[in-house]
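Here is a short tour of one protein chain, written for someone who likes to check packing by eye. Have the viewer open and follow along.

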Amino acid sequence: MQPGTYTLLVELAAPATVEFGARGAYDLDAGWYAYTGSAFGAGGLTRVERHQRLARGESDARHWHVDYLLGHPESRIREVYVTENEEIECETARALNEAGTPLAGLGASDCECSTHLAYSPERESVVEVAAARHERQF
């Protein structure tokens, strides 16, 4: 599969406290979470399929901060947006943070951004940004 950048739109059906590994516990509101990542290593965008398996409970391996959210029983990946062969991770994450509420310290351990995970109580605000930034839905 091609390399690229992706955004996962995750619905959290009920408020929850999620333990994000070494980052500790975060109290999360019910609503929509947008996580943007990139996959330029071996396998490329197959990383999205790995996130989906974890979210379905078919895997327990947590490698990235978003995996802790995806592993929570109240969360579901509802939409995935991708852009192949382009590194637009940070600019997309910044746009989603402006549209929603940034969750500082999560999902951006390999860059200068404060976070790559944003929250919104409303689906529309994060969907509009993700759809505008990416080539297509996965």
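This is a predicted model: local features need pLDDT of at least 70, side-chain atom pairs count only at pLDDT 80 or more; totals for chains, interfaces and linings use all residues.

Contact here means heavy atoms within 4.5 Å.

Not counting residues up to four places away in sequence, Tyr6 touches Tyr35, Thr36, Gly37, Ser38, Ala39, Leu45, Arg47, Val48, His51, Tyr81, Val82 and His134. Tyr6 also stands out in the largest nonpolar core, which has 24 residues: together with Leu8, Leu28, Tyr33 and Leu69, it touches the most other members. Which elements give two or more residues to this core? They are strands E1, E2 (16-19), E4, E5 (75-84) and E7, along with helices H1 (46-55) and H2 (65-70). E1 supplies the largest share, four residues. Another core, of eleven residues, lies apart from it, and its members include Leu9, Tyr81, Ala95 and Ala118. As general background, nonpolar side chains in soluble globular proteins tend to be buried together.

Is His51 buried or exposed? His51 is buried, because its relative accessible area is 0%, which falls under the 20% cut-off. Arg50 counts as buried too, with 14% relative accessibility.

| Residue | Relative accessible area | Residues touched |
|---|---|---|
| His51 | 0% | Tyr6, Leu8, Tyr35, Trp64, Val66, Asp67, Leu70, Ile77 |
| Arg50 | 14% | Ala61, Arg62, His63, Trp64, Asp67 |

Among the partners of His51 is Val66; the two are 15 residues apart in sequence, while their C-alpha atoms are 8.5 Å apart in space.

**Aromatic pairs**

The model has four aromatic pairs. One of them joins Phe20 and Tyr26, with 5.3 Å from centre to centre and 80° between the planes. That pair is edge-to-face, because planes over 60 degrees apart count as such. Phe20 is buried, with a relative accessible area of 0%. Phe20 and Tyr26 also belong with Tyr68 to one aromatic cluster.

**Helices H3 and H4**

Helix H3 spans residues 89-99, and its buried residues are Glu89, Thr92, Ala93, Ala95, Leu96 and Asn97. What do these buried residues pack against? Their partners are strands E1 (4-12), E4 (31-39), E6 (101-102) and E7 (117-120), plus helix H4 (123-133).

Two packed helices are described by the angle between their axes and the distance between the axes. For H3 and H4 the angle is about 155° and the axes are 9 Å apart. H3 is therefore roughly antiparallel to H4, since angles over 145 degrees count that way. The crossing of H3 past H4 is right-handed. On the H3 side, the contact is made by Glu91, Thr92, Ala95, Leu96 and Ala99, and on the H4 side by Ser125, Val126, Val129, Ala130 and Arg133.

**A backbone detail**

Finally, look at the loop between E5 and H3, where Asn85 sits. Phi of Asn85 is near 60°, a positive value in a residue other than glycine. Asn85 is partly exposed, with a relative accessible area of 46%.

Methods. Residues are numbered from 1 along each chain as its sequence is written. Side-chain values use heavy atoms; hydrogens and water are left out. Rings of Phe, Tyr and Trp (its six-membered ring) pair if their centres lie within 6.5 Å; planes under 30 degrees apart count as stacked, over 60 as edge-to-face and the rest as tilted. Buried means under 20% relative accessible area, exposed over 50%, partly exposed in between (1.4 Å probe, protein chains only). A nonpolar core is a set of buried Ala, Val, Leu, Ile, Met, Phe, Trp, Tyr and Cys residues joined through side-chain atoms within 4.5 Å. Axes are lines fitted to C-alpha atoms, for helices over the stretch in contact, and angles run from 0 to 180 degrees between N-to-C directions. Angles under 35 degrees count as roughly parallel, over 145 as roughly antiparallel, 65 to 115 as roughly perpendicular and the rest as oblique. A crossing is left-handed if the near helix is turned anticlockwise from the far one by less than a right angle, and right-handed if clockwise.
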